[in-house]
Amino acid sequence: MANHFEGEFHAKRKQDEVYDFLTDPKRFAPLLPDYEGMTIQNDREFTVNVRVGISHIRGTASIQLQLAEAERPKRALYQGRGSVAGGTVNLTASFDLTDNGQGTQVRWKADAQLYGRLISLAGGLLEPLAKKNVQKLIDALQTALT
């Protein structure tokens with residue numbers, strides 16, 4: 001099952017500040033919905049744990065993320081892979097930043113592919129939940145960057 005999300009928002013901070021925020025897992029990762037913790041391997045790789053729950057399937061998702069593209073101060077792209085309650089997830093999240101004279105315009109895209117038992121058990125519930133959680137993350141980013 002594949003999900004694609006995209007949008008944009010305005011941050012009142014300068015482009016360099018927004019870039020620094022988005023590429024610092026200590027600042028960025030705790031904004032993820034249902035964040036539990038993180039282990040940092042190096043300046044480009046870290047593992048995030050988040051609580052997941054759909055119907056009777058509950059647990060912790062462990063997602064290994066890598067800052068795959070870092071073009072200061074214009075672009076940050078994360079790629080990840082992890083285990084999610086009886087399945088696996090592959091994800092990509094990108095942020096393209098443009099100085100608009102009054103702050104920074106942030107264009108974002110996110111793609112997630114889910115595989116395994118989770119899809120067969122909760123298929124129709126996953127897309128609305130994913131959309132809700134992506135919106136929570138974007139709202140938290142927008143608040144943190146104003």
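Does aspartate 34 count as buried, partly exposed or exposed, and what is its relative accessibility? At 33% relative accessibility, aspartate 34 counts as partly exposed (buried is under 20% relative accessible area, exposed over 50%, partly exposed in between, with a 1.4 Å probe and protein chains only). This is a predicted model, where local features need pLDDT of at least 70 and side-chain atom pairs count only at pLDDT 80 or more, while totals for chains, interfaces and linings use all residues. Residues are numbered from 1 along each chain as its sequence is written, and side-chain values use heavy atoms, with hydrogens and water left out.

**View 1. The whole chain, for orientation.** The protein chain has three helices and seven strands (DSSP runs numbered from the N terminus: H or I of at least four residues for helices, E of at least two for strands). Starting at the N terminus, the order is β-α-α-β-β-β-β-β-β-α. Of its 146 residues, 39% count as buried. Among contacts with a separation of 6 or more, 49% come from residues 24 or more positions apart (contact means heavy atoms within 4.5 Å). The chain exposes about 7900 Å², with carbon and sulfur atoms supplying 48% of it (Shrake-Rupley areas, 1.4 Å probe; for residues, only the protein chains shown count as cover).

**View 2. Helix α1 and its buried face.** Helix α1 covers residues 15-22, and its buried residues are Gln15, Val18, Tyr19, Phe21 and Leu22. Look down the axis of α1 and these buried residues fall within an arc of 160 degrees, so they line one face of the helix (the arc is taken from the directions from the helix axis to the C-beta atoms).

**View 3. Leu22 in the largest nonpolar core.** This core has 32 residues, and Phe9, Leu22, Phe95 and Leu141 touch the most other members (a nonpolar core is a set of buried Ala, Val, Leu, Ile, Met, Phe, Trp, Tyr and Cys residues joined through side-chain atoms within 4.5 Å). Elements giving two or more residues to this core include β1 (2-11), α1 and α3 (117-144). Leaving aside residues up to four places away in sequence, leucine 22 touches Phe28, Tyr78, Phe95, Leu97 and Leu141.

**View 4. Rings meeting edge-to-face.** Searching the whole structure turns up three aromatic pairs (rings of Phe, Tyr and Trp, its six-membered ring, with centres within 6.5 Å; planes under 30 degrees apart are stacked, over 60 edge-to-face, the rest tilted). Phenylalanine 28 and phenylalanine 95 have ring centres 5.8 Å apart and planes at 80 degrees, so this pair is edge-to-face. The pair links distant parts of the chain, with phenylalanine 28 in helix α2 (residues 25-28) and phenylalanine 95 in strand β6, 67 residues apart. Both phenylalanine 28 and phenylalanine 95 are buried. Phenylalanine 46 and tyrosine 78 also pair edge-to-face, at 5.9 Å centre to centre and 85 degrees between the planes. Phenylalanine 46 is buried at a relative accessible area of 2%, and tyrosine 78 is buried at 2%. Put together, Phe28, Phe46, Tyr78 and Phe95 form one aromatic cluster.

View 5. The structure holds five salt bridges (a side-chain nitrogen of Lys or Arg within 4 Å of a carboxyl oxygen of Asp or Glu). One of them joins arginine 51 and aspartate 34, at 3.7 Å from N to O. Arginine 51 sits in strand β3 and aspartate 34 in the loop between α2 and β2 (35-40), so the pair ties together parts 17 residues apart in sequence. Glu69, Arg75 and Asp96 are linked in a network of salt bridges. Arginine 75 meets glutamate 69 with the closest N and O atoms 2.8 Å apart, and arginine 75 meets aspartate 96 at 2.8 Å, N to O.
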